Every structure is written in structure tokens, then in C-alpha cells.
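I opened a new page in the notebook for this one.

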Amino acid sequence: MTHHISLTDIPDLNGRYDLYGAVHKGLRKAGCDLLCRLGSTDFDNADECEAVLGDLRTYLMLAASHVVHEDDNIHTVLQERGVSTGTVDDQHDEHREAFADLEKLAVCVSRAIPIAKRAAGRKLYLAFAAYIAEDLAHMHEEETQTAPMLWQHFSDADLAAVEMRIVSSMSPEKNMAFMRIMIPAMNPAERAALLGAMRKGAPPEVFEAVMDFAVRPSLPPKAVDDLVDRLKLAA
């Protein structure tokens with residue numbers, strides 16, 4: 001797929017609701033971290049191999065869910081306003097094919113005889129690198145081309161409602177998995193804004209669960225302290 005991207009024609013937010021920002025940051029960081037791990041994995045080590053394949057499958061699950069969330073909640077509302085989403089729809093179809101191909105390659109790694117493990121791991125690494133390259137370009141297009149169409153046709157309140165529908169459609173376990181990749185990818189101000197809004201709008205037990213199972217395990221102590229200070233919470 002040819003991507004129509006520009007390194008200079010990037011629209012400013014200008015205070016508008018950033019529907020893509022947090023989740024795309026999370027997917028970018030998680031994908032790039034995983035790519036580096038696949039490149040350095042000792043596929044001859046059974047435990048190391050099993051661990052990275054498990055994390056790959058978690059990543060693919062989240063990426064596939066994200067594609068569905070955009071199809072069902074973002075593309076549909078744009079289409080209702082007469083805006084074509086054909087390009088990103090086609091890219092999502094290619095992503096689904098890539099997810100299936102990557103799973104097949106992961107199975108090949110699992111089933112490879114010892115002498116063939118490294119070769120199978122290399123194929124998986126290179127295939128995942130190609131997928132990440134495509135996805136990075138795809139997300140760039142969404143944030144520089146699709147987002148302005150959303151701002152043109154919808155209010156910030158409308159976009160916040162779209163995001164809430166996506167969040168509400170997921171299980172608590174999947175929501176927590178997304179939080180684990182999003183929180184460490186955000187800058188300190190973004191983290192404080194997200195967690196501050198959650199603290200005000202979510203039940204206390206939900207907020208505490210996110211702090212305990214997504215925030216603290218994924219951030220270095222200094223970043224946790226900074227967040228706590230920004231939120232003015234008891235340490």
C-alpha cells in the first residue's frame with residue numbers, strides 16, 4: 001500500500017479533542033519495543049522464546065481490537081456525514097491479513113525443531129518490522145488526514161462520546177491492557193490529564209485498580225512520583 005504522508009504538512013491540534021493521540025502513542029511504543037525484543041530474543045532459549053511470543057500475541061490482540069474500534073465507531077460516523085474512509089478501510093483490511101500472517105509465523109517458531117528456531121525467529125522479526133513500518137505510516141495518515149475531517153464534522157463533545165463508546169465496549173481486562181501500553185507512552189502532562197479525568201469520572205475502585213495494575217508497574221518510580229504530585233494524591 002502506498003501511503004500519502006508528509007513530514008511537514010502536520011495540522012496542529014489547536015485545542016481540539018485528540019481522539020487518536022493516546023492510543024496511537026501506546027501502540028507505537030508497544031510495537032517498537034516489541035520489535036526490538038524480537039530482534040534480540042534468543043530463540044534457542046525456550047522460556048525467552050515463549051515469553052516474547054506471548055507478548056506478540058497480546059500486542060496483536062490489542063492492535064486487532066483497535067482496528068475494529070475505529071471501523072465501528074470512527075469510520076461509521078464519518079460515513080454518515082458523507083466522508084469517504086475507503087483508504088483507511090483498505091489499510092485496515094491489510095492489517096487483518098498481516099495479523100493472520102504474523103500468527104502463522106509465530107506458530108512456525110513454536111513448532112520449529114531446535115536447529116531451525118533461529119531462522120524461524122528471524123522471519124518473524126522481519127515480518128513484524130514490515131508490519132510496524134506500515135502501521136506507523138497508517139497512524140500518521142489518520143492523525144494528519146482523518147483527524148482534521150473529524151474536527152470539521154464533529155464537536156469535541158461528539159468525539160469524546162465516540163471515545164467513551166469505545167471504552168465502554170471493552171471488558172475491564174482489555175481496558176486495563178490498553179492502559180498498560182498507553183500510560184508509559186504519554187508525556188507527564190498527558191498522563192495527569194487522563195488520570196485526573198478518570199479520578200473524577202470513574203468509581204474510586206476503578207481508578208485505584210488502574211494506578212495499581214497499569215500505572216505503577218509500567219512507570220519508573222520518578223515518573224510515578226511526578227504523576228502523584230500532579231494529581232495531588234497521597235503517595
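This is a predicted model: local features need pLDDT of at least 70, side-chain atom pairs count only at pLDDT 80 or more; totals for chains, interfaces and linings use all residues.

**Entry 1: the cavity.** I started with the lining of the largest cavity: L27, A63, H66, V67, E70, H92, H95, Y131, D135, H138 and M139. Three elements, α2 (46-80), α3 (86-111) and α4 (117-153), each give two or more residues to that lining. I sorted the lining residues by type and got five nonpolar, four polar and two charged.

**Entry 2: how many, how big.** I searched the whole structure for cavities of 30 Å³ or more, and one turned up. The volume of the largest cavity comes to about 50 Å³.

**Entry 3: ring pairs.** Next I looked for aromatic pairs across the whole structure and found three. Are Y59 and F128 buried or exposed? I checked, and both are buried.

**Entry 4: F128 again.** F128 also pairs with Y131: the ring centres are 6.2 Å apart and the planes are at 40°, so I put the pair down as tilted. F128 and Y131 are both in helix α4, three residues apart, which is about one turn of the helix. F128 has a relative accessible area of 0%, and Y131, at 5%, counts as buried because the cut-off is under 20%.

**Entry 5: joining up.** I traced the ring pairs and they link Y59, F99, F128 and Y131 into a cluster.

How values were computed
Residues are numbered from 1 along each chain as its sequence is written. Side-chain values use heavy atoms; hydrogens and water are left out. On a 1 Å grid over the protein atoms alone, a cavity is a set of points where a 1.4 Å probe fits but cannot get out, and a pocket is an open set with protein on both sides within 12 Å along at least five of seven lines; lining residues have an atom within 4 Å of a point. Grid points are joined across faces, edges and corners, and a volume is the space filled by probe spheres set on the points. Helices (H or I, at least four residues) and strands (E, at least two) are DSSP runs, numbered from the N terminus. Ala, Val, Leu, Ile, Met, Phe, Trp, Tyr, Cys and Pro count as nonpolar, Asp, Glu, Lys and Arg as charged, and the others, Gly among them, as polar. Rings of Phe, Tyr and Trp (its six-membered ring) pair if their centres lie within 6.5 Å; planes under 30 degrees apart count as stacked, over 60 as edge-to-face and the rest as tilted. Buried means under 20% relative accessible area, exposed over 50%, partly exposed in between (1.4 Å probe, protein chains only).
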